[in-house]
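User: Could you take a close look at the salt bridges in this one for me, and then show how they sit in the rest of the fold?

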Amino acid sequence: RGATNLTLTSPARTGIIRARGCTEWYLQRLLGGVGGGNDLLKFSADDALTYAGSRIVMEHVRVQDGPCWQVNMEKVVDVVVRHVTVEITCLGMKPRGTVTEMIGAIAENTDGIDIWGKNVHIHDVNVSNGDDCICVKGNADGSGIFSENWLVEDSVASGEGLSIGTMWSGGFLTRNVTWRNIVMRNTRKAIYVKVDSTDNQVLDVAYQNISVDGAALQVPVMIGAIHQFAGGCPWEWPWLHVGTCSVGSNA
């Protein structure tokens, strides 16, 4: 907590950080009511909020099969994530298609890289998971730390998409975020902006040169509601729930 001038790296570029989500968490959580499970890697501010985590570099590591979010950074400033692979290995069968995407629906809450903070540069990462691939997060908790000044570029991803939100608190500011030169391969979604809570603001956001390679298994672009909480559109649609999906919005 509150780490400053921290570099997490693998000098040989072969380092792996992993858990047993595929065998011990995902199916049990969705269908068996098993609760719990921690984020695999978490960086955050100190408890007293006297300072945020700052000047953090994460590079040349592979992160696999965490029970919940794979990489979670909260209230951080000046962050670089580069040359990192994040993957849920249950989805490793190629080519991806109906069966693997059904497993992706089971691997709920396996966000890839989630960051609440400012001055963030993410590049040359590969994310393959069952929830948000790279996600701008945050809550208005009085700390004054919002998510702004982001650049995400030159990467490959597959999952719930390049996401903004959800900010559950309301009153949160996301500003000056650019995504560019990213390939989404057989993804569930590609671009996903979900700011349902009251009075959240999203300003100056750009998606540039975002390519969908193969089918978007749900929708390529979704802006507005969180789909599984909107109308008759559960998380597991369309694999474990048949029929059409009616999406409303309380944004």
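Analyst: The protein averages a pLDDT of 85, and 82% of the residues score at least 70; pLDDT is the predictor's confidence in each residue, from 0 to 100. This is a predicted model, where local features need pLDDT of at least 70, side-chain atom pairs count only at pLDDT 80 or more, and totals for chains, interfaces and linings use all residues. Residues are numbered from 1 along each chain as its sequence is written, and side-chain values use heavy atoms, with hydrogens and water left out.

Now the fold. The protein has three helices and 16 strands; these are DSSP runs numbered from the N terminus, helices being H or I with at least four residues and strands E with at least two. Among these elements, strand 5 has the highest mean pLDDT (98) and helix 3 the lowest (58).

On to the salt bridges. Side chains of opposite charge can pair when their charged atoms come close. The rule here is a side-chain nitrogen of Lys or Arg within 4 Å of a carboxyl oxygen of Asp or Glu, and by that rule the count comes to 12 salt bridges.

Take R20 and E24, whose side chains meet at 3.6 Å, N to O. R20 is exposed, with a relative accessible area of 57%, while E24 is partly exposed at 41%. The cut-offs are under 20% relative accessible area for buried, over 50% for exposed and partly exposed in between, using a 1.4 Å probe and protein chains only.

E87 and R62 also form a salt bridge, at 2.8 Å, N to O. This pair links distant parts of the chain: E87 is in strand 7 (residues 85–87) and R62 in strand 5 (residues 61–64), 25 residues apart. R62 counts as partly exposed, at 33% relative accessibility.

Then there's K137 with D111, at 3.8 Å, N to O. K137 lies in the loop between strand 10 (134–136) and strand 11 (147–158), and D111 in the loop between helix 3 (98–106) and strand 8 (113–123), so the pair ties together parts that are 26 residues apart in sequence. K137 is buried at 11% relative accessibility, and D111 is buried too, at 2%.

The largest nonpolar core has 41 residues, and M58, M73, V81, I113, I115, I122 and W179 touch the most other members. Strand 6 (residues 71–82) gives the most to this core, with six residues. A nonpolar core here means buried Ala, Val, Leu, Ile, Met, Phe, Trp, Tyr and Cys residues joined through side-chain atoms within 4.5 Å. Leaving aside neighbours within four places in sequence, M73 is in contact (heavy atoms within 4.5 Å) with residues including F43, I56, M58 and W116.

Finally, the strands. Strand 11 and strand 13 (residues 173–185) run parallel and are joined by nine bridges; strands count as paired if DSSP finds at least two bridges between them. L151 has T178 in strand 13 as its bridge partner. Strand 13 is also joined to strand 15 (residues 201–213) by 11 bridges, again running parallel, and V177 stands opposite V205 in strand 15.
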